[in-house]
Amino acid sequence: MNRWLTLRGAKHSFHISGRTLSVIVLLLIGNMIAMTLCTGLGSTPISPVNVIKAIFGQSDATTSMIILNLRLPRVVIAVMVGSMLAVSGALLQGIVRNPLTSPDIIGITGGAALGTVVFIIYFSHLSIQFMPVSSIIGAFSAAALIYLFAYRHGITPLRLVLIGIGMATAMTAVTYMLILSAQFTPTAVAVKAFTFMTGTIYGTSWERDVLTLLPWLVVLMPLAFVYARHLNVQELGDEVAAGVGSRVQSQRTMLLIISVALAGAAASIGGTIGFIGLMAPHIARRLVGPAYGGVIPVSALIGSLVLMLADLIARTAFIPLDIPAGVFTAAIGAPFFIYLLFRHRSS
Amino acid sequence: MSVIQADHLTLSYGKKPVFADLNLRIPKGKITVFIGSNGSGKSTLLRSLARLIKPQQGTIILDGESIAKLPTKEVARRLAILPQGPVAPEGLTVLQLVKQGRYPYQSFLQQWSAEDEKMVKQALEVTRMEEFSNRPVDSLSGGQRQRAWIAMTLAQNTPTILLDEPTTYLDMTHQIEILDLLYDLNEQENRTIVMVLHDINLACRYAHHVIAVKEGEIYASGAPEEIVNEKLIKQVFNMECQVTVDPIFGTPLCIPYGKGRKVRTPVFSG
């Protein structure tokens, strides 16, 4: 039985499901444990106690250097990118009322990848700080194109998905064409571009990656949470939503902007890490039901957990090789997608 | 006195005009039912009254104010609409669904006021859905599901409720159950009920006011006992029938001609 908690003050009132609250607390603990473990494991294993010591500045210079400068930024990026992709997917699935979609499936991360590859090939003389900008421009261009093609007196979910799938394929094709046809592309640049397209968080740093992504996360995540209410009524269908006084089209546009910005920003650092945006919201719904007040925070926590673990396997399973994390999210994600297709086949 | 009024309404669906220069009044505190054959536009008309479809021309007036000029949340506090065959997301519980009816009264910081709680509780009580409040909507039977959706529109706490074919896909027992519920809401709480119904006989029994729609025009409107007759049925539904008197309610009862078994000599031969 689900218990509900009521929080009520002069200017605020909330109704929170007890189940959702306990799931969030458990996932927070799970994330903490995973962070400690993932920071410790690697070619030089470090015990969880020493990891915590190093974080609080209580260890020797070498350990401190490995933990603070090499591993921790990568784990933090996994948390950030994973949660952003997950929330982006949760919003997108709500917007199109189709659980078989995510920013990678409908070509938004594909657009971001294209933007980044354009930057790697043509603008590499500019500061690396501009790379995310290029990526986000790519994501929004892809979304704008999808929106433009799908628009006819408003956006219908099905048309958005169908056009999105076409867009994803087109984006990948154009990106590969760019990499392969750019005449003066040195092999190193091509390899970098290909790796990026698989999705990796290899070699991340505090300044370049964490600080670049942080402002996006800080602004977009709370905004997503505030918009959860509007998404809840939209899930009942456009007419019901309009009937209870929701400004359906303008709110849907805003939700789409939040979702695209999240995916674009995440992809600028992590590349096209697939399937997290698809899987995390599904698992979240299984745990706490379909109301978005719960789905959004729970998806975020699951997304970060999944990417942390995928990246852990990617960098430890084949030492000294460092495999892109995207390979492993795809390895779990692709069968999951097939399972979903199979399950939805009957309905 | 009318609660909703349509003045010179012109509506089209794509390029095909559905209504041209139509005028209409919905009486306050009564049950009004739209009848008409499939594709007559009655559902379109109902949706336009709830600002779900924008008219090309003309105005919808709600409580003396143009609906197009009112903020949509304000409209939602005065008028609720239940569209035809709504679908709840998988796993959504009855309580979570009914809560959505409070949307026009809420903000990010005010998501569960004492008033919200009271209205949701009342809506669940009136529809006898309290015992199902933690059940997923998709696990309920057709009749229970429809009651859950009606509870959501009741939680909206509006003086006027519009329903598009609320009894479709329900068996006869549940059709009567839903219509009795709406009848009580009108009788006991004086809410204005406006709905589209397929069943002429049930329309005649429950409606104070029927509006017969034919090919984008209002053929007739008034009390069922005054306007429903063989000629109207012939004109509106293109069906030959005999209109007699319901032996229990005294309202018009329409018996279609056509084929079928005859067991004994008809009582009311025409």
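**Exercise 1. Strand pairing in chain B**

Task: How many bridges join strand E1 of chain B to strand E4 of chain B, and which residue of E4(B) is the bridge partner of Ala6(B)?

Solution. This is a predicted model.
- Step 1: Take E1(B), residues 2–13, and E4(B), residues 57–62. These two strands run antiparallel and are joined by 5 bridges.
- Step 2: Find Ala6(B). Its bridge partner in E4(B) is Ile60(B).

**Exercise 2. The sheet and its helix**

Task: What is the strand order of the open sheet in chain B, and which strands lie at its edges?

Solution. 
- Step 1: Read the order of the 4 strands: E2-E1-E4-E5, with antiparallel pairing.
- Step 2: Look for strands that pair on one side only. These are E2(B), residues 16–27, and E5(B), residues 65–66.

**Exercise 3. Two helix pairs in chain A**

Solution. 
- Step 1: Start with H1(A), residues 18–40, and H13(A), residues 292–316. They pack at about 20 degrees, with axes 10 Å apart.
- Step 2: Apply the cut-off. Angles under 35 degrees count as roughly parallel, so H1(A) and H13(A) are roughly parallel to each other. H1(A) passes H13(A) in a left-handed crossing.
- Step 3: Inspect the contact. It includes Val23(A) and Leu27(A) of H1(A), and Leu301(A) and Leu305(A) of H13(A). By class, the contact of H1(A) with H13(A) has 15 nonpolar, 5 polar and no charged residues.
- Step 4: Turn to H5(A), residues 131–150, and H11(A), residues 248–270. Their axes come within 8 Å and cross at roughly 140 degrees. These two helices are therefore oblique to each other.
- Step 5: Note the handedness. H5(A) passes H11(A) in a right-handed crossing. Among the residues in contact are Ala139(A) and Phe140(A) of H5(A), and Val260(A) and Gly264(A) of H11(A). The classes here are 13 nonpolar, 3 polar and no charged residues.

**Exercise 4. Where the chains meet**

Task: How many residues does each chain give to the contact, and which element gives the largest share of the chain B side?

Solution. 
- Step 1: Count by chain. Chain B gives 31 residues and chain A gives 27.
- Step 2: List the elements of chain B that give two or more residues: helix H2 (72–78) and strand E6 (79–82).
- Step 3: Pick the largest share. H2(B) gives 4 residues.
- Step 4: Sort the chain B side by class: 17 nonpolar, 12 polar and 2 charged.

Note on methods: Residues numbered from 1 in each chain as written. Chains lettered and ligands numbered in written order. Predicted model: local features only at pLDDT ≥ 70, side-chain atom pairs only at ≥ 80, totals over all residues. Axes fitted to C-alpha atoms, helices over the stretch in contact; angles between N-to-C directions. Parallel < 35°, antiparallel > 145°, perpendicular 65-115°, else oblique. Left-handed = near helix turned anticlockwise from the far one by under 90°. Contact = placed C-beta atoms within 7 Å. Nonpolar A, V, L, I, M, F, W, Y, C, P; charged D, E, K, R; others polar. Pairing = 2+ DSSP bridges.
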